[in-house]
Amino acid sequence: MTERALRLGTRKSKLAMAQSGLVAQEVRRITGRPVELVEITTYGDTSREHLAQIGGTGVFVAALREALAAGDVDFAVHSLKDLPTTQPDELVIAAVPPREDPRDVLVARDGLTFEQLPAGARVGTGSPRRMAQLNAYARERNTRVETVPIRGNVDTRIGYVHSGELDAVVLAAAGINRIGRSSEVTDFLSVDSVLPAPGQGALAIECTAQNVELAARLAELDDPETRVAVTAERSLLAALEAGCSAPVGALADLLGDGQAVTEMRLRGVVGTTDGSELVQLSTTGPVPMSHGDAVALGRELASEMLAKGAAGLMGERAS
């Protein structure tokens, strides 16, 4: 008798389905069991409001977590940057697979790079973090862009450029790669100019804490280096008390001599959305050997940023 199929809870968007499809393939490989995708609509998918208005982080996650708790699905796949920084006791992130490209990318008309955009170019993004850094980047180059808030999936966003409504849009490289549209990218934004969202490019595979056997099998897909990096980034975010609607960017890089990874550099940025003020700091130290060490690194950098005035730049503090 064949074993029952494992039910993987996923959002319905093309990107979520692509991400979940990749994970399903890996889970089939390690467990030898069939995996079926269960499509779940989340509040973030149906609301047309801007993310900052509907509570930012968590709006794409709650319905998936409810399905897990109710036993309607066995495990769920999330974009890690959508997860709230506090983890419910009854659920466990069993695996964080190897990270995709964490950078942001530009899709612009006429193949333009960011530096080639004309002054006043209309650039679409739904992210206050991107707005803050794009405006600051333009200002550094003695020009300006007009950041325009947009929502919608990757196809919808790129459509604004094709229709001529916007000069460019900024998206996550990982998402565009996963749905096979990377040929439309006109510029990869360097992390030296635009730091990504904490956890960007990484996925989280979550199941209930009581499903110990499944959690142990899923853990085979975990990438320790990705996990330690995103743990530090998310710890920074949590310590700044910021939801994903706050303009916080963070990236942990593992540094080495080509043979072995020896250090980790954590960079963080907070800014006003007009880009007029940014607090940007980094710290480098030994690679954290435990979850606690990674959390401590994030907290340490956050406290330095707060001392430099980060809190005042974040507008409304997430309660």
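Predicted model: local features only at pLDDT ≥ 70, side-chain atom pairs only at ≥ 80, totals over all residues.
Reader: Now the sheets. What is the order of the strands in the five-stranded sheet?

Author: First the general idea: strands of a sheet pair through backbone hydrogen bonds, either parallel or antiparallel. Here, five strands form an open sheet in the order 7-6-8-5-9, with mixed pairing. Strand 7 (145-148) and strand 9 (187-188) stand at the edges; each has a single partner strand, so one side of each is left without a neighbour in the sheet.

Reader: Which way do strand 6 and strand 8 run relative to each other, parallel or antiparallel?

Author: They run parallel, and two bridges join strand 6 (residues 121-124) to strand 8 (residues 168-172). To find one on screen, look at Gly124, whose bridge partner in strand 8 is Val169.

Reader: Which strands does helix 4 lie across?

Author: Helix 4 (residues 128-140) lies across strand 5, strand 6, strand 7 and strand 8, and runs at about 175 degrees to strand 7. Helix 5 (residues 154-162) lies across strand 5 and strand 8, at about 155 degrees to strand 8.

Reader: Let me zoom in on strand 5. Is Asp104 buried or exposed?

Author: Asp104, in strand 5 (residues 104-108), is buried because its relative accessible area is 0%, and the cut-off for buried is under 20%. Its side chain is joined to that of Gln200 by a polar contact of 2.8 Å. Leaving aside neighbours within four places in sequence, Asp104 is also in contact with residues including Arg129, Arg130, Val170 and Phe188.

Reader: And what about Ala108, buried or exposed?

Author: Ala108 also belongs to strand 5, and it is buried, with a relative accessible area of 7%. Beyond its neighbours within four places in sequence, Ala108 is in contact with Leu117, Val161, Asp167, Ala168 and Thr186.

Reader: How is the three-stranded sheet arranged, parallel or antiparallel?

Author: Its pairing is antiparallel, and the three strands form an open sheet in the order 11-12-13. Strand 11 and strand 13 are the edge strands, each pairing on one side only. On average, neighbouring strands of this sheet are turned by 15 degrees against each other, direction ignored. Nine bridges join strand 12 to strand 13, and Met264 stands opposite Gly285 in strand 13. Helix 9 packs on the sheet, touching strand 12 and strand 13, and its direction makes about 35 degrees with that of strand 12.

Reader: Which residues touch the most other members of the largest nonpolar core?

Author: In soluble globular proteins, nonpolar side chains tend to be buried together. In this model, the largest nonpolar core has 20 residues, and those touching the most other members are Leu236, Leu240, Met264, Leu266, Val270, Leu301 and Met305. Helix 8 (224-239), strand 11 (248-256), strand 12 (261-271), strand 13 (278-286) and helix 9 (291-307) each supply at least two residues of this core. Apart from it lies another core, of 18 residues, including Val27, Val77, Cys207 and Leu218.

Notes: Residues numbered from 1 in each chain as written. Heavy atoms only, no water. Core = buried A, V, L, I, M, F, W, Y, C linked by side-chain atoms within 4.5 Å. Buried < 20%, exposed > 50% of the residue type's maximum accessible area, 1.4 Å probe, protein only. Helix = DSSP H or I, 4+ residues; strand = E, 2+ residues; numbered from the N terminus. Polar contact = N/O pair within 3.5 Å; in protein donor to acceptor, adjacent residues only side chain to side chain. Contact = heavy atoms within 4.5 Å. Pairing = 2+ DSSP bridges. Axes fitted to C-alpha atoms, helices over the stretch in contact; angles between N-to-C directions.
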